[in-house]
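Colleague: Please take a close look at how the inside of this model is packed, and walk me through it in one go. I would like to follow it residue by residue where that helps.

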Amino acid sequence: MDSVLRDQGRIGPRTLLVTTAAVPLTGWTLHAIALHKRLATTRKDPLTGLLRRDAYTARARRILARHRDDTAVLLVDADHFKRINDTLGHAAGDTVLVAFGARLTAWAGPGAAVGRLGGDEFAVVLELPAEHREQRLAQLVRMLHAPVVLDDGQAVDVAASVGAASPDAVGSRDLSVLQRAADAALYAGKHSGRAYLATVQHAMVPSVNDRRAGRPGTTIRGAAA
């Protein structure tokens, strides 16, 4: 049949070659599309729906490049989270994490980078001019200290520590430097009930993997702290 079609000039040898080759290529194309979709879903944390570390980092750097000094980098750590897990169970702990993720997303807005770095630790990068910084951070702390209602109706008291760093206060627009400063500020104000703003001195605290040296998770490259 192929020879007849070639004789009739309807399909040339080159056309046949391309058509034949297109069959497996089409299969690979479909496979690539499916793979891309799977990779896209791995950009987000399956529990909270927040960005995972790599996706968060890429988006955070774009925000810093776009808004420069009118940017804030926040690290947020749930307070007494282990106690919630130990006394109420991991399902309750998961509910608290989901609530924190939703509150951070609502507070930061659609243009921000909101990520879960691991465990009960979150990060946010957003446009936040200096004149609004103190008021907005106080608002966030109030949101994070509101009780979380579990599936059984029980209200759980929660809290979080917040450290914030901005290029104008720290003297750098590098994400690693800003996260290191925010992390040091967070621990300087741990359990204080308010957000701590980083200074240049916080950026000089010894660190591992851009985190305060000595805290859990800083001894292994890439481990969530």
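Modeller: Happy to! The accessible surface of the protein comes to about 12,400 Å², and carbon and sulfur atoms hold 56% of that area (Shrake-Rupley method, 1.4 Å probe; for residues, only the protein chains shown count as cover). Please keep in mind that this is a predicted model, where local features need pLDDT of at least 70 and side-chain atom pairs count only at pLDDT 80 or more, while totals for chains, interfaces and linings use all residues. Numbering starts from 1 along each chain as its sequence is written, and side-chain values use heavy atoms, with hydrogens and water left out.

Of the 225 residues in the protein, 41% are buried (under 20% relative accessible area; exposed is over 50% and partly exposed lies in between, with a 1.4 Å probe and protein chains only). The protein has nine helices and nine strands, taken as DSSP runs numbered from the N terminus (H or I, at least four residues, for helices; E, at least two, for strands). Among contacts with a separation of 6 or more, 64% link residues 24 or more positions apart; contact here means heavy atoms within 4.5 Å.

Now to the core itself. The largest nonpolar core has 33 residues, and Leu-74 and Leu-126 have the most contacts inside it (a core is a set of buried Ala, Val, Leu, Ile, Met, Phe, Trp, Tyr and Cys residues joined through side-chain atoms within 4.5 Å). At least two residues of this core come from each of β1 (71-78), α4 (81-88), α5 (90-108), β3 (121-127), α6 (130-144) and β6 (160-165). The largest share, eight residues, is supplied by α5. Apart from residues up to four places away in sequence, Leu-126 touches Leu-74 itself, together with Ile-63, Asp-70, Thr-71, Ala-72, Trp-107, Ala-108, Ala-112 and Arg-136. There is also a second, separate core of 23 residues, which includes Leu-64, Leu-117, Leu-175 and Ala-198.

Phe-122 sits in strand β3 and is buried, with 0% relative accessible area. Leaving out neighbours within four places in sequence, its partners include Thr-48, Leu-50, Leu-74, Leu-75, Val-76, Leu-97, Phe-100 and Leu-117. Phe-122 and Leu-50 are 72 residues apart along the chain, with 9.0 Å between their C-alpha atoms. Gly-163, in strand β6, likewise counts as buried at 0% relative accessibility. With its neighbours within four places set aside, Gly-163 is in contact with Val-73, Leu-74, Leu-75, Ala-182, Ala-185, Leu-186 and Tyr-196.

Next, the helix pairs. The axes of α4 and α5 come within 6 Å and cross at roughly 140° (lines fitted to C-alpha atoms, for helices over the stretch in contact, with angles from 0 to 180 degrees between N-to-C directions). That makes α4 oblique to α5 (under 35 degrees is roughly parallel, over 145 roughly antiparallel, 65 to 115 roughly perpendicular and the rest oblique). Here Phe-81, Ile-84, Asn-85 and Leu-88 of α4 meet His-90, Ala-92, Gly-93, Val-96 and Leu-97 of α5. By class, this contact has six nonpolar, three polar and no charged residues (Ala, Val, Leu, Ile, Met, Phe, Trp, Tyr, Cys and Pro are nonpolar, Asp, Glu, Lys and Arg charged, and the others, Gly among them, polar).

The other pair is α3 (residues 53-67) with α8 (residues 175-188), whose axes come within 10 Å and cross at roughly 105°. The two helices are therefore roughly perpendicular. On the α3 side, Tyr-56, Thr-57, Ala-60, Arg-61 and Leu-64 meet Leu-175, Ser-176, Leu-178 and Gln-179 of α8. Five of the residues in this contact are nonpolar, three polar and one charged. Leu-64 and Leu-175, both in this contact, are among the members of the second core.
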